[in-house]
Amino acid sequence: MLVREILREQALVHESNIDLMGGVDFRKGCYVGQELTIRTEHRGVVRKRILPCVLYPEEEAEPKALEYHPEIGGDGGGGGVSADMVPAEASIGRVGKKGRSAGKWLRGVGNVGLALCRLEMMTDVVLPGEAASAAYTAGDEFVVGLGGKGEEDDARKVKIKAFVPEWLRQGLEKKEGH
């Protein structure tokens, strides 16, 4: 089975949440990237993580829950627009602001998918050892472009909302306490 959600030769163990799922033994082993992985585990702050996201039309209000619909726009009036129309690794931007990318779209189906998100920009997660960042404000909105071959398609965007699963919050809290 080919895993396309984890970026080949770019993904880090921590960004892919493998550390929180018990997929790495930090006490032993010999693998490519082991030094960086161990250093990040013991000293580093992980600023990006893969999170589940919902895509929704620009004219709709932000969704409050992670719910699947076959098209973007849960009423079925999405005009055939779905997550598979967003190119892999498309940059996520903040509505009305220029600057650093808030993340990268990875892959999805219907109106849901996975994205590598900058936690301090797209979520309320406070990174270990840092004060609550002014970068995230409740109500901030983010967009990602739909793929296409024409200029009109390049301008088409949908909004994206990241959700932090409870297991991830608990795992991060447990790490802070270790």
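Visitor: Why is P165 called buried?

Guide: The relative accessible area of P165 is 18%, and buried means under 20%, so P165 counts as buried. Keep in mind that this is a predicted model. P165 lies in the loop between β6 and α4.

Visitor: What does P165 touch, leaving out residues up to four places away in sequence?

Guide: P165 touches L51 and P52.

Visitor: How do you know that the charged end of K161 sits over the ring of F163?

Guide: The charged end of K161 is 5.4 Å from the centre of that ring, and the distance limit is within 6 Å. The definition also asks for a position within 35 degrees of the ring normal, and the pair is listed as a charge sitting over a ring.

Visitor: How many aromatic pairs are there in the whole structure?

Guide: Zero: a search of the whole structure finds no aromatic pairs. Ring centres would have to lie within 6.5 Å to pair.

Visitor: Let's turn to D140. Why is D140 called buried?

Guide: D140 has a relative accessible area of 17%; with buried set at under 20%, D140 is therefore buried. D140 lies in the loop between α2 and β5.

Visitor: What makes the pair of D140 and R94 a polar contact?

Guide: The two side chains come to 3.1 Å, and a polar contact needs N or O atoms within 3.5 Å. R94 is also among the residues that D140 touches beyond four places in sequence, together with E62, M121 and A135.

Visitor: Which residues touch the most other members of the largest nonpolar core?

Guide: They are L55, I92, W105, M122, V144 and I160, in a core of 28 residues. At least two residues of this core come from each of β1, β4 (112-118), α2 (119-122), β5 (142-145), β6 (157-162) and α4 (166-177). In soluble globular proteins, nonpolar side chains tend to be buried together.

Visitor: How do you know that L55 is buried?

Guide: L55 comes out at 1% relative accessibility, and the buried class is under 20%, so L55 counts as buried. Its place is in strand β1. Leaving aside neighbours within four places in sequence, L55 is in contact with I72, A83, V86, W105, N111, V144, V158, K159 and I160. L55 and V86 are 31 residues apart in sequence, with 9.8 Å from C-alpha to C-alpha.

Visitor: What does V144 touch, not counting residues up to four places away in sequence?

Guide: V144 touches L55, V86, A90, S91, I92, W105, K157 and V158.

Visitor: Why is E58 called partly exposed?

Guide: The relative accessible area of E58 is 40%. Buried is under 20% and exposed is over 50%, with partly exposed in between, so E58 is partly exposed. E58 is found in the loop between β1 and β2, and its contacts beyond four places in sequence are V143, K157, V158 and K159. From E58 to F142 the C-alpha distance is 9.6 Å, with 84 residues of separation in sequence.

Visitor: Where does E89 lie, and what about its phi?

Guide: E89 lies in the loop between β1 (48-56) and β2 (91-94). Phi of E89 is near 70°, a positive value in a residue other than glycine. At 38% relative accessibility, E89 counts as partly exposed.

Visitor: What is the phi of N17, and is N17 buried or exposed?

Guide: N17 has a positive phi of about 65° and is not a glycine. N17 lies in the segment before α1 (34-42). Its relative accessible area is 3%, and under 20% means buried, so N17 is buried.

Visitor: How many helices and strands does the protein have?

Guide: The protein has four helices and six strands, in the pattern α-β-β-β-β-α-β-α-β-α along the sequence. Of its 178 residues, 39% count as buried.

How values were computed: Residues numbered from 1 in each chain as written. Predicted model: local features only at pLDDT ≥ 70, side-chain atom pairs only at ≥ 80, totals over all residues. Heavy atoms only, no water. Buried < 20%, exposed > 50% of the residue type's maximum accessible area, 1.4 Å probe, protein only. Core = buried A, V, L, I, M, F, W, Y, C linked by side-chain atoms within 4.5 Å. Contact = heavy atoms within 4.5 Å. Polar contact = N/O pair within 3.5 Å; in protein donor to acceptor, adjacent residues only side chain to side chain. Phe/Tyr/Trp six-rings, centres within 6.5 Å; stacked < 30°, edge-to-face > 60°.
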